[in-house]
Structures are given as C-alpha cells and as structure tokens.
Amino acid sequence: MDLLNFKDELIKHLQEEGYWAVISKAEKINYQNQDTIIVKETAKDVVGISYPLSELYASYCMNYNMDLCISRLTKALINMNEESIHYFMDRISPEYLTLHVCDIDTNRELLSKSVCFEVTPTIAAVAYIDIPTRNGNASIRISDNMLSQLGMTKKEALDRSISNLENSQFHVKHIGEVVKEMLGKEVPFIDRDEMPLYVVTNSLKMQGANILATKKALNEAVLRSVGEDCYILPSSIHEVILVPKSSGMDVASLKNMVESVNEAELNTREKLSDNVFEYSLSDKKLLLATGEEKENTKVRGRNICRI
C-alpha cells in the first residue's frame, strides 16, 4: 500500500471506530510541510493527539498491520483522560509562557501565524506555553487565537515570555564536563585551556538555545564562563556553545564546524542555524559573525517579528 492509500485507509478505519480524524500539515518548528494525523474523540473536543504520518507509515511498512497503527493512536488518545485534559487546560496561563528559537527561513510560514520577534536577522523567538509533565515539557505554540484565552496582547505575551525566561535556570559547563557526564569517565585529551568551549542549556536540556532571546540571561552566561567577547555556535535548538574570541579560532572554521555537525549528526527537527554569532559584553549585542568588525542587529526582545 502506498502512502496515499495508507492515509485514506487510516482515516476510514478510525472513523469506523467512532473517532474524528484528519490529515493536516504539522504546525511545529522545523516540521514544515510534514503531514500529521490529528485524532479526537469528537470534532468539538479541544484536546486530541497529533502523530507524524511518516512514522506511522514506516511502522506499517514493517509488518503491514493496520490494526497496530490504529491501536497506537487510540491508546494514546485514551491515555489523555479527562484529568490530564483539565491539567493542561488549567495551565494555559501567563505563568507558563516561554520562548523557543528557530531559523527564520525554514519556518517562515509558521512564524506568520505565531506570536514572535526577531532575535537576529536569521533567528526568531516564538512564544510557547511549556507545561511540566512526567516526561519533560508539553509545548503549545501561542497563536493570535490563543491570546484572548490568555487575556493578553502580543506585546504583553512576549514581555511575559521574556521575563519568565530570564528567571529560569541556565547551566554553563565546559565541554569536558559534558562529555564526562555522557561517557561516565574523564576524557584526558579535552583540556580546558586548549579547548575553551562552554555548553549552555537548561535543566531539562530541551529548547536551551532560547537563551539567545534574552539579553540578561545570555550576558550572565557569558560572564560566568568565558568572561569576554565570544563566538556563539548554535549547536541545536537545545543548546549553544560559547567560544572566547581570545582562543584564536576564526569564523570560517567555526562555521564549517557548525555546518558539518548539522549535516552529519543533527536531526532536521533539532537544527537551529548554520550561522555563527558573536556576543559583545561591553554593549550587550548579539551579532551575526562575519569575520569583520561592523555594527549589526541588537537582541531586540520587544519587537514583534515582521516575517
């Protein structure tokens, strides 16, 4: 069965079992033009589940069992019981507002429907509700339609998102410490002086690159680690790497490093940018690094993105 027929059969089986289902384009960062299936108990329900169609089809192609695909969807929906729905609905409030960052060109269509602002000419920050769960955070993107539920204007939502983010916890560690945590042992060739690379993320290690959207937290992280002007490598949407300018590394080499990692090691959904940025401690500016000394764009933090 090809993908087109699989879509039709999947919808047909779900409807026969009494569920409301529709195929829709994913409206998530870095998911542009990817089909998902949305399943609810009824069309009027506020909450349902959204599942990547490509993953379901890949599962089907392994055993050609449509019943297993249906079971995966309906079990997920059943697990979202009334208690969990109330839990999520009660937490759609300003207290849980935050920001996620993404590449502008890759997500231009999504950004046009989002509450967002421009961090640099290539990176945007998007307002989200992040709700704590046992498995991390459940994220809901703030659209214009959700502003009325929050009782806020765009500016108020962005201001509160930035304020919440500035009060959250970011962690800065030398890359040797990070590798040690991953491997469970010291790596002798990673010397702090010879490899002055510092990884910045949050306690969940999810969406930690959003530190770029808050001038206060970014400035504190740079002060705590390198203590001087530095380059910033967007290693993923979850973390960034700080490299002191005194290390002597040039922008072209750093950019090649970022591009290579993005191409070979990163899932497309986790990619942030192929660019390298630089941060000035003296004037608190985040710039697109070109290898030349010139004025560029400040972290704005209050301007709604004109995508």
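**Legends to close-up views**

**View 1. Helix α9 and its cover.** In helix α9 (residues 215-224), the buried residues are A217, L218, N219, A221 and V222 (buried: under 20% relative accessible area; exposed: over 50%; partly exposed: in between; 1.4 Å probe, protein chains only). Helices (H or I, at least four residues) and strands (E, at least two) are DSSP runs, numbered from the N terminus. The elements covering these buried residues include β8, β9, β10, β11, β12 and β13. The model is predicted: local features need pLDDT of at least 70, side-chain atom pairs count only at pLDDT 80 or more, and totals for chains, interfaces and linings use all residues. Residues are numbered from 1 along each chain as its sequence is written, and side-chain values use heavy atoms, with hydrogens and water left out.

**View 2. The six-stranded sheet.** Strands in the order β8-β9-β11-β10-β12-β13 form an open sheet with antiparallel pairing (two strands pair if DSSP finds at least two bridges between them). β8 and β13 (285-288) are the edge strands, each pairing on one side only. From one strand to the next, the twist averages 30°. Within the sheet, β10 and strand β12 (residues 277-280) pair in the antiparallel sense over three bridges. C230 has Y279 of β12 as its bridge partner.

**View 3. Two helices on the sheet.** Helix α8 lies across β8 and β9 and runs at about 95° to β8. Helix α10 lies across β10 and β11, at about 10° to β10. Angles run from 0 to 180 degrees between N-to-C directions of axes fitted to C-alpha atoms, for helices over the stretch in contact.

**View 4. The second largest pocket.** This pocket has a volume of about 830 Å³ (the space filled by probe spheres set on grid points, which are joined across faces, edges and corners). A pocket is an open set of points on a 1 Å grid over the protein atoms alone, where a 1.4 Å probe fits, with protein on both sides within 12 Å along at least five of seven lines; lining residues have an atom within 4 Å of a point. The lining of the second largest pocket comprises 27 residues, and I175, V199, S235, E239 and I241 lie nearest the centre. Two or more lining residues come from each of β8 (170-174), α8 (175-183), β9 (198-202), β10 (230-236), β11 (239-244) and α10 (251-264). The most come from α8, which gives five residues. By class, 13 of the lining residues are nonpolar, eight are polar and six are charged (Ala, Val, Leu, Ile, Met, Phe, Trp, Tyr, Cys and Pro count as nonpolar, Asp, Glu, Lys and Arg as charged, and the others, Gly among them, as polar).

**View 5. T36 in strand β2.** T36 is part of strand β2 (residues 35-40). T36 counts as buried because its relative accessibility is 5%. Apart from neighbours within four places in sequence, T36 is in contact (heavy atoms within 4.5 Å) with V22, I23, S24, K25, A26, S50, Y51, P52 and L53.

**View 6. N164 in helix α7.** N164 belongs to helix α7 (residues 154-166). With a relative accessible area of 18%, N164 is buried. Not counting residues up to four places away in sequence, N164 touches P94, E95, Y96 and L97.

View 7. C61 lies in helix α2 (residues 53-63). Its relative accessible area is 31%, so C61 is partly exposed. C61 and M1 are 60 residues apart along the chain, and their C-alpha atoms are separated by 8.4 Å.
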